[in-house]
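The stops below go through the annotated sites one by one.

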Amino acid sequence: TPGVKPLIAGNWKMHGTLAEAAALAGAVRDGAGGLPADLLVCPTFLHVAQVAATLAGSAVAVGGQDCHPAAKGAHTGDVAAPMLKDAGAGFVILGHSERRTDHAETDAAVRAKAEAAAAAGLVPIVCVGETEAERLAGRAEAVVERQLAESLPDGFAGIIAYEPVWAIGTGRTPTEADIAAIHGTIRARLAARFGAAGQGMRILYGGSMKPGNAKAILALPNVDGGLVGGASLVAEDFLAIARAA
Ligand code: PEP
């Protein structure tokens, strides 16, 4: 998108020791100079503070992988958005398909989390995407439009990640034409609801992005970066994707 710097975001999921996370962050930091994209890494909650310390003063940002809709309270095992902010995060991934599946997160829950994130000064990255059955039934665009309508709060000022569920961790991706089509639909919905802010909102692609396919995907219209799972765990692969932006 003209005037929008791409963002390459790494979703480290539930991987690694504290020492491994710090080492990976250090390797990303050391390779981050002169890239055409902004960089973000999202470790597990337990590693956010250490990774933020490793990346302090660098251009690489840190994010969480979820937050609770409340700012504090009696919610055993949960993490509040202000806690993430306090630990050094600037972003938070919300509504990832693994959260929607593993924790039955609804669009309404994602919306509440996005409001909490914004209130805490975090940039929410809201994930949307159809299952394989929904795509085969010709419902991919309708599903994504519903997720956008119901997961984004009014006044949303964040990032969208389009992640077809069947492409996550599978080595499969949609065709370039299919990615361009659905990103175009997402852009139209964002522009209709948020005006100029929606025109300039980053829309990331996620799902089996690798150094070998990143250049073609990142060149598509309305693809403003990537959300990278598996390949983000290898610093050289993650940086190669960022160089392709
Ligand atoms: C993800 O889960 O956000 C993701 C894109 O995973 P992968 O790159 O491993 O498909």
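Two residues count as in contact when their C-beta atoms, placed from the backbone, lie within 7 Å. This is a predicted model: local features need pLDDT of at least 70, side-chain atom pairs count only at pLDDT 80 or more, and totals for chains, interfaces and linings use all residues. Residues are numbered from 1 along each chain as its sequence is written.

**Stop 1**

**Stop 2: N11**

Center on N11. It lies in strand β1, residues 7-11. Strands (E, at least two residues) and helices (H or I, at least four) are DSSP runs, numbered from the N terminus.

Why does N11 count as buried? Because it has 26 C-beta neighbours inside 10 Å. The cut-offs: buried means 20 or more other C-beta atoms within 10 Å of the residue's own, exposed means 12 or fewer, and partly exposed is in between, with C-beta atoms placed from the backbone.

Now show the contacts of N11. Leaving out residues up to four places away in sequence, they are C42, Q65, I93, L227, V228, G229 and S232.

**Stop 3: S208**

Move to S208. Look in the loop between β7 (203-206) and α10 (211-218). S208 is buried, with 21 C-beta neighbours inside 10 Å. Beyond four places in sequence, S208 touches A167, T170, G171, R172 and T173.

**Stop 4**

**Stop 5: H96**

Where is H96? It sits in the loop between β4 (91-94) and α4 (97-102). H96 is buried, with 28 C-beta neighbours inside 10 Å. Color Q65 and C127: H96 touches both, not counting residues up to four places away in sequence.

**Stop 6: E163**

Finish at E163, in the loop between β6 (159-162) and α8 (176-194). E163 is buried, with 26 other C-beta atoms within 10 Å. Its contacts, not counting residues up to four places away in sequence, are S97, C127, G129, I168, G206, G207 and L227. Keep C127 colored: it is in contact with H96 and with E163.
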